[in-house]
Amino acid sequence: MGWNDVPPYFKTEPVRSQLHLERNRLVLTCMAEGSWPLEFKWIHNSTELTRFSLEYRYLIPSLDRSHAGFYRCIVRNRVGALLQRRTEVQVAFMGSFEEGERTQSVSQGEGAVVPAPRIRSFPQPQVTWFRDGRKIPPSSRIAITLDNTLVILSTVAPDAGRYYVQAVNDKNGENKTSQPITLSVESEYPRVL
């Protein structure tokens, strides 16, 4: 080892977290200095993506959700090796609504609890409930819980109808509308003694 050999060091570390859209290209860089030749290896979570080579960049031509996770490079030269700080790559996506219950029936005056149809999305989508094409505003009688369940405290005949949700992913702009759930409200007839 010569007296002027310099072990690898990083000029800049990557951001701790970065959010990208599906199908975009991603280039990760390992900005290291030190005595040449410098060699680089890339790791995703704990899986080695490459062997050591002179390539200091790692390219993903078209991202999908399986690419999410933690990336870091290892840089080495004849003097030493160094591990880069990891960067978390997040990939915004929205799947499709899962098939769920399509009908629900309650007796008039009872409460109705209608869970939101499930959809896989990152980040979590903004969810809006509709009945027969009109947005449902929360009221003293109708509540929407934190997990987007629709709760009607005491049903009346006009609550019957077709309910659906619209989910919007505000990172990639996608929005999807669920299949309707038909709520029927049965009227209670007084029993004849």
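## Disulfide

A disulfide is a pair of cysteine sulfur atoms within 2.5 Å. By that rule this predicted model holds one disulfide. Its partners are Cys30 and Cys73, with sulfur atoms 1.8 Å apart. The pair links distant parts of the chain, 43 residues apart. Cys30 sits in the loop between strand S3 (26-29) and strand S4 (32-33). Cys73 belongs to strand S8, residues 69-76.

The link of Cys30 and Cys73 is right-handed, with 50° about the S-S bond. Are the two cysteines buried or exposed? Both Cys30 and Cys73 are buried.

## Strand S18 and its partners

Strand S18 spans residues 161-168. Strand S14 (residues 126-131) is joined to S18 by six bridges, and the two run antiparallel.

Strand S19 covers residues 175-177. S19 runs antiparallel to S18, and three bridges join them. Across this pairing, Val168 stands opposite Asn175.

How many residues lie between S18 and S19 in their hairpin? Six residues separate the two strands. Gly173 lies in the turn and has a positive phi of about 80°.

## Two domains

The domain assignment divides the protein chain into domain 1 (9-93) and domain 2 (98-186). Their C-alpha centres lie 43 Å apart.

## The domain interface

Which numbers of residues meet across the boundary of domain 1 and domain 2? Six residues of domain 1 are in contact with seven residues of domain 2. The size of an interface is often given as the accessible area lost when the parts come together. Between domain 1 and domain 2 the buried area is about 600 Å². Carbon and sulfur atoms give 65% of that area.

How many salt bridges does the rule find across the interface of domain 1 and domain 2? The count is zero.

Methods: Residues numbered from 1 in each chain as written. Predicted model: local features only at pLDDT ≥ 70, side-chain atom pairs only at ≥ 80, totals over all residues. Heavy atoms only, no water. Helix = DSSP H or I, 4+ residues; strand = E, 2+ residues; numbered from the N terminus. Buried < 20%, exposed > 50% of the residue type's maximum accessible area, 1.4 Å probe, protein only. Pairing = 2+ DSSP bridges. Domains from an automatic or database assignment. Contact = heavy atoms within 4.5 Å. Buried area = accessible area lost by both parts, 1.4 Å probe. Salt bridge = Lys/Arg side-chain N within 4 Å of Asp/Glu carboxyl O.
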